[in-house]
Amino acid sequence: MPVDSNQKVSVIGLGYIGLPTAALIARGGAQVVGVDVSAHVVETVNSGRVHIEEVDLDGLVQGVVSRGNLRASLEVEPSDVFIIAVPTPVAEDRAPDISYILKAARTVAPALKAGDVVILESTSPVGTTEAMRDLFTQLRPDLKMPMQNGAAGDIAIAYCPERVLPGRILVELIDNDRCIGGITPRCARKALAFYRQFVRGQCITTTARAAEMVKLVENSFRDVNIAFANELSVIAERMDIDVWEVIRLANRHPRVNILQPGPGVGGHCIAVDPWFIVHGDPENARLIRTAREVNDGKTDYVVARASDLIDEFPGETVACLGLAFKPNIDDFRESPAVKVAARLARRYGRRIRLVEPYAQALPMEFAGTGAELMDLDTALEQCGVFVILVDHDMFKSVPVDERADKAVYDTRGIWSDQPRRISAAPAGRIAV
Ligand SMILES: NC(=O)c1ccc[n+]([C@@H]2O[C@H](COP(=O)([O-])OP(=O)(O)OC[C@H]3O[C@@H](n4cnc5c(N)ncnc54)[C@H](O)[C@@H]3O)[C@@H](O)[C@H]2O)c1
């Protein structure tokens with residue numbers, strides 16, 4: 001979709017969000033400068049290559065760089081629109097770290113002029129866009145800033161969260177609906193006019209604070225619902241009931257839709273963003289905090305139950321199936337499967353084999369443990385104990401006769417026809 005070619009757009013932070021965004025806007029025809037603090041990133045992009053894996057991104061970046069619509073720089077330059085997409089991690093104490101945003105805003109401030117639009121896209125705790133405005137107020141007293149009471153400013157400041165799925169980023173950046181929050185309604189309208197140039201999804205305006213909360217709420221909703229499934233899985237296991245069957249049957253209720261349990265929650269959004277809400281209102285965010293604790297606790301529970309099974313078969317080699325944070329992808333960051341398998345590897349060393357068709361080498365968490373990568377067929381030949389951590393399609397397709405003699409702890413419910421080898425006395429027995 002065409003973007004005003006007279007418009008100069010700067011994208012600050014050229015990561016998984018910033019680089020695809022910059023490249024798409026450049027493809028629309030705008031002059032785009034991608035700014036990053038990493039010289040490696042800047043050099044890579046300027047040579048028309050990419051430093052991150054994302055479907056179709058390499059060809060797109062090569063095209064827009066060679067046509068001169070996208071270039072990268074270490075320095076922020078005067079522009080008409082600034083998009084900030086830098087990291088927002090949580091600190092050790094679970095407090096959101098907005099220092100990257102404030103640092104980026106400090107570099108943008110000197111380049112600002114009347115008429116500019118600044119849009120924050122980083123996932124942010126509520127109030128961050130206002131904090132960025134306050135920083136601009138300090139650094140640029142010559143410019144009038146927009147105020148919550150509706151007072152117009154010389155520049156427009158807005159918040160627009162990203163909800164793209166890795167692997168589909170270039171499609172979803174265009175097709176997903178957007179929620180655009182302005183410090184004032186006028187700021188929202190200015191940002192809306194910008195996004196409408198390249199977004200096909202609906203763009204809906206609101207306040208910056210509401211838009212910040214929308215993003216956090218989306219991921220907290222997922223986290224809370226997964227926590228429900230994870231809690232059920234522990235209770236059902238103790239009661240000797242197949243949780244996947246229970247969920248399947250309960251979901252036949254027309255208004256029930258329970259998600260699937262697993263070894264915890266991974267990725268860099270769902271397991272992180274709820275803490276931004278908890279930190280914002282610790283007294284009232286009780287369910288959201290508990291959900292985080294339930295999901296993290298599920299990982300500990302899986303390690304304990306898998307260890308019980310491994311201890312029952314001291315002579316057997318153990319295959320952990322899967323390391324990715326969800327099925328059929330090669331992303332191992334913040335993966336509960338990595339956490340479980342690495343803890344088992346530290347405890348059982350050479351007895352542990354990791355089966356991960358999407359890994360060329362083991363993540364650093366396994367350094368020095370003695371655990372090794374192994375392909376699925378060899379694991380089926382050589383290992384007696386299986387701990388299933390990821391529901392990759394390749395694992396689902398193993399027929400029961402190839403695994404009938406294995407002792408299995410299945411956290412994903414993909415081998416539900418597995419003959420049972422252990423049975424503890426179930427909880428929930430009613431005395432008569
Ligand atoms: N990756 C996703 O799927 C996803 C989805 C939705 C939201 N988000 C959010 O988007 C934001 C960015 O995430 P990401 O995955 O693109 O991060 P990333 O780590 O892939 O990239 C961030 C980039 O910003 C650069 N950077 C850091 N400080 C800078 C500064 N002061 N100036 C210029 N560049 C700077 C880093 O060098 C890096 O290249 C985060 O808040 C994240 O939570 C990410």
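A backbone N or O atom of T123 lies 3.0 Å from an oxygen atom of the ligand. The model is predicted.

**Ligand surroundings**

- The ligand has 21 residues around it, and those that come nearest are Y16, I17, D36, T88 and T123.
- For T88, an N or O atom in the side chain is 2.6 Å from an oxygen atom of the ligand.
- For I17, a polar backbone atom is 2.9 Å from an oxygen atom of the ligand.

**Helices α1 and α3**

- Helix α1 covers residues 18-27 and helix α3 covers residues 57-66; their axes come within 9 Å and cross at roughly 50 degrees.
- That angle makes α1 oblique to α3, because an angle counts as roughly parallel under 35 degrees and as roughly perpendicular from 65 to 115.
- The crossing in which α1 passes α3 is left-handed.
- On the α1 side the contact is made by L19, P20, A23, L24, A26 and R27.
- On the α3 side the contact is made by L57, L60, V61 and V64.
- Sorted by class, this contact of α1 with α3 has 9 nonpolar residues, no polar residues and 1 charged residue.

**Helices α8 and α10**

- Helix α8 (residues 208-238) packs with α10 at an angle of about 115 degrees, and the two axes are 7 Å apart.
- α8 and α10 are therefore roughly perpendicular to each other, since that class takes in angles from 65 to 115 degrees.
- α8 and α10 cross in a left-handed sense.
- The α8 residues that make the contact are M213, K215, L216, V217, N219, S220 and D223.
- Their partners in α10 are D273, P274, F276 and I277.
- By class, the contact of α8 with α10 has 6 nonpolar, 2 polar and 3 charged residues.

**Helices α10 and α11**

- Helix α10 (residues 273-280) also packs with helix α11 (residues 286-312), at an angle of about 140 degrees and with the axes 9 Å apart.
- This pair is therefore oblique, because only angles over 145 degrees count as roughly antiparallel.
- α10 passes α11 in a crossing that is left-handed.
- P274, W275, I277 and V278 are the α10 residues in this contact, and they meet I288, R289 and R292 of α11.
- The contact of α10 with α11 has 5 nonpolar and 2 charged residues by class, with no polar ones.

**Residues of α10 in both contacts**

- P274 takes part in the contact with α8 and in the contact with α11.
- I277 likewise belongs to the contact with α8 and to the contact with α11.

Key:
Residues are numbered from 1 along each chain as its sequence is written. This is a predicted model: local features need pLDDT of at least 70, side-chain atom pairs count only at pLDDT 80 or more; totals for chains, interfaces and linings use all residues. Side-chain values use heavy atoms; hydrogens and water are left out. Axes are lines fitted to C-alpha atoms, for helices over the stretch in contact, and angles run from 0 to 180 degrees between N-to-C directions. Helices (H or I, at least four residues) and strands (E, at least two) are DSSP runs, numbered from the N terminus. A crossing is left-handed if the near helix is turned anticlockwise from the far one by less than a right angle, and right-handed if clockwise. Contact means heavy atoms within 4.5 Å. Ala, Val, Leu, Ile, Met, Phe, Trp, Tyr, Cys and Pro count as nonpolar, Asp, Glu, Lys and Arg as charged, and the others, Gly among them, as polar. A residue is near a molecule or strand if one of its heavy atoms lies within 4 Å of it. A polar contact is a pair of N or O atoms within 3.5 Å; within protein, one must be able to donate a hydrogen and the other to accept it, and residues adjacent in sequence count only if both atoms are side-chain atoms.
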